[in-house]
Amino acid sequence: MSMVDIKRHILDQLNQAVSSLGMEVPSLKLDQSRRPELGDFSSGVALSLTKEAKKPPIELAEAIRNCLDLKKEICSEITVSKPGFLNFRISPEYLKQQLEVIFNEGAEFGKIQLGKGKKAQVEFVSANPTGPLTVGHGRQAVLGDVVAQILEWHGYNVDREYYYNDAGRQMRLLGESVKARYLELLGVEIDFPEGGYEGEYIRDIAREIDEKEDGAITKKSGVSEFRKFAEKMIFSEIKRSLELLHIHFNHFVNEQRFYDDGSIDKVVKLLRQNHLAYDKDGAVWLKTTAFGKEEDTVLIKRTSEPTYRLPDIAYHRDKLSRGYDLIVDIFGADHIDTYPDVLSALNALGYETSSIHVLIHQFVSLIRDGQKVKMSTRKATFITLDELIEMLGADVVRYFFIMRSRQSHLNFDIGLAEMESDENPVYYLQYAHARICNILKHAKDTGIDSSDAADLSLIQEETELSLMKTLIRWPEVMTNVHESLEPQMIANYLQALATEFHRFYTEHRVVTENRELSSARLFLVSSVKTILASGLAVLGISQPEKM
RNA sequence: GCCCCGGUAGCUCAGCUGGAUAGAGCAACGGACUUCUAAUCCGUAGGCCACAGGUUCGAAUCCUGUCCGGGGUACCA
């Protein structure tokens, strides 16, 4: 019986008790108790029924308690406390039994395979190859990868997909910029293109072309030759950056595909048939007013170039056709206004879009010397992701980006990050893991090994019980994260677990002359290691054996 | 103007679908290593949870309004 089942057991009992008193509660819930000295879970049902019952809450709580028939081996104590809370204490027997489950199941502990046999797709980063990935992309990259990891943990078969467009205006500008720098290199006087890419990396690409000397590209080559070369180079840099963070995509989808296979035209045709697209002023408009917007928006420009909404609709139509059970789009806050149009259009065309989850993350503001740095790939006023990784290391960067909720604006102070890299909270988690590894090693050296014969009833210190209670919350944390897709919940949980462990470590010695107690504690401690390792693995952070 | 996020300790941020006395890290101060790793632990200090109303037994959390910051509202992506 897992923790989730326990809660259900208590809730069932509460429900029965309440209805046997002739009342009803629409939504009953059990909270993690804020007062551990009173119990592990608490319920405020009595408080919410006090009016209906016309009785003081304490009295009502007592009455409810008297109707409860909870299994002794699960809940050892039920108390009523001041305003009218019911408090439940998990029995030590149950904790010990769960500890054995953790020990036996290892990394599999808590997996109820919510995604077994299901296919999921996570689309993220999706930056066009116009320049190196920025810190902002980093947030998205890590967020997307961890979401994918969470889904995989739950048993989904996950595709990590990168969607890009190498045919637009921005890419043409990239080609022009590279060509300009190349000509500059050859000593040709030239005006740098208006709004072109000013970053130093453009010069690097030009230099690369110059040094190649295979004659494939010369000063007479067209812009598209330069563009293609630059794209190839930049893309391989992007992939390299992602690899530094241990992020691997297994699908790359080029927007061009939807032009080539006719699906763009098909979408326009469908939209027209459904009276959702019409001609005006030489452009084709999408009737977003039909979706509750104030104005219609342009779908195809007068230049006959589509705006990004059109291929996006085609792309999502394609995603839907691939039979995913779950589709996750990770977008920056700049997409906040556009994706509803895409979903609305798909809905209007008769597609079921409930499998699509759009996760919007807010931007990262870079702060340097107390000043906010405007990030622009074009102006090259950015800190690249590579620079950040070089400065802090992949583990720290990953942790930093998922420890905060995605809807909060992230202020990234470069100086502070560097200063704090030695004191980063991620080390706190890793240190706990390394400490345990060291204990296990020490135990082995000492000849105390066989934790399988451990007598777990010897574990009874307050800190130990508290540690166990935190341990068995892991499955529930992961179930909640499956719902919310908010990775920071994992980080918060691991922090709590590490804190409990470090305190335990300080207060109690694991390996002592008392062999019985030692093996019981080794049992406990290796369970902590198991969960820490699982959690760190989901976050894509390494689990060092020594530090 | 309208829409979406955010405003919590000096700083960066947690706070699960409303629960009891508001949390962590960093920074500050005071303690703890003859022991399995002090990258740790314990303690002190630090708060009108932006502001004003409302909903109710109960609000940082939900609703309304105001203020401040970010983003969108492009025939740029």
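Reader: Where in the chain is His246 found?
Author: His246 is found in the loop between helix H8 (223-244) and strand S7 (251-254), where helices (H or I, at least four residues) and strands (E, at least two) are DSSP runs, numbered from the N terminus. This is a predicted model, in which local features need pLDDT of at least 70 and side-chain atom pairs count only at pLDDT 80 or more, while totals for chains, interfaces and linings use all residues. Residues are numbered from 1 along each chain as its sequence is written, chains are lettered from A and ligands numbered from 1 in the order written, and side-chain values use heavy atoms, without hydrogens or water.

Reader: Why is His246 called partly exposed?
Author: The relative accessible area of His246 is 47%, and the label covers values between buried (under 20%) and exposed (over 50%), with a 1.4 Å probe and protein chains only. His246 is therefore partly exposed. His246 also has a positive phi of about 65 degrees, although it is not a glycine.

Reader: What makes Leu485 count as buried?
Author: The relative accessible area of Leu485 is 4%, and Leu485 is therefore counted as buried.

Reader: Why is Thr470 called buried, and what does its side chain join?
Author: Thr470, which is found in helix H17 (residues 462-471), has a relative accessibility of 5% and therefore counts as buried. Its side chain and that of Glu500 are joined by a polar contact of 3.2 Å; such a contact is a pair of N or O atoms within 3.5 Å, and within protein one must be able to donate a hydrogen and the other to accept it, with residues adjacent in sequence counted only if both atoms are side-chain atoms. Apart from neighbours within four places in sequence, Thr470 is in contact (heavy atoms within 4.5 Å) with Tyr493, Ala496, Leu497 and Glu500.

Reader: Is His154 buried or exposed, and how do you know?
Author: His154 counts as buried because its relative accessibility is 1%. His154 lies in the loop between helix H5 (135-153) and strand S6 (157-164), and its side chain reaches the backbone oxygen of Met478 at 2.8 Å. If residues up to four places away in sequence are not counted, the residues that His154 touches include Gln113, Lys116, Met478 and His482.

Reader: What makes His316 buried?
Author: His316, whose place is in helix H11 (residues 309-321), has a relative accessible area of 3% and is therefore buried. Leaving aside neighbours within four places in sequence, His316 is in contact with Glu123, Asp329, Val342, Leu346 and Ile356.

Reader: Why are H2 and H3 called roughly perpendicular?
Author: Helix H2 (residues 45-53) and helix H3 (residues 57-67) pack at an angle of about 105 degrees, with their axes 9 Å apart. Axes are lines fitted to C-alpha atoms, for helices over the stretch in contact, and angles run from 0 to 180 degrees between N-to-C directions; under 35 degrees is roughly parallel, over 145 roughly antiparallel, 65 to 115 roughly perpendicular and the rest oblique. H2 and H3 are therefore roughly perpendicular to each other. Ala46, Leu47, Leu49, Thr50 and Ala53 in H2 meet Pro57, Leu60, Ala61 and Ile64 in H3.

Reader: How many residues surround RNA strand B, and which are the closest?
Author: RNA strand B is surrounded by 63 residues, of which Asn411, Tyr428, Tyr431, Asn438 and Asn492 are the closest; a residue is near the strand if one of its heavy atoms lies within 4 Å of it. H16 supplies 8 residues, the largest share of this surface. A phosphate oxygen of RNA strand B is 2.4 Å from an N or O atom in the side chain of Lys301, while a base nitrogen is 2.9 Å from an N or O atom in the side chain of Ser81.
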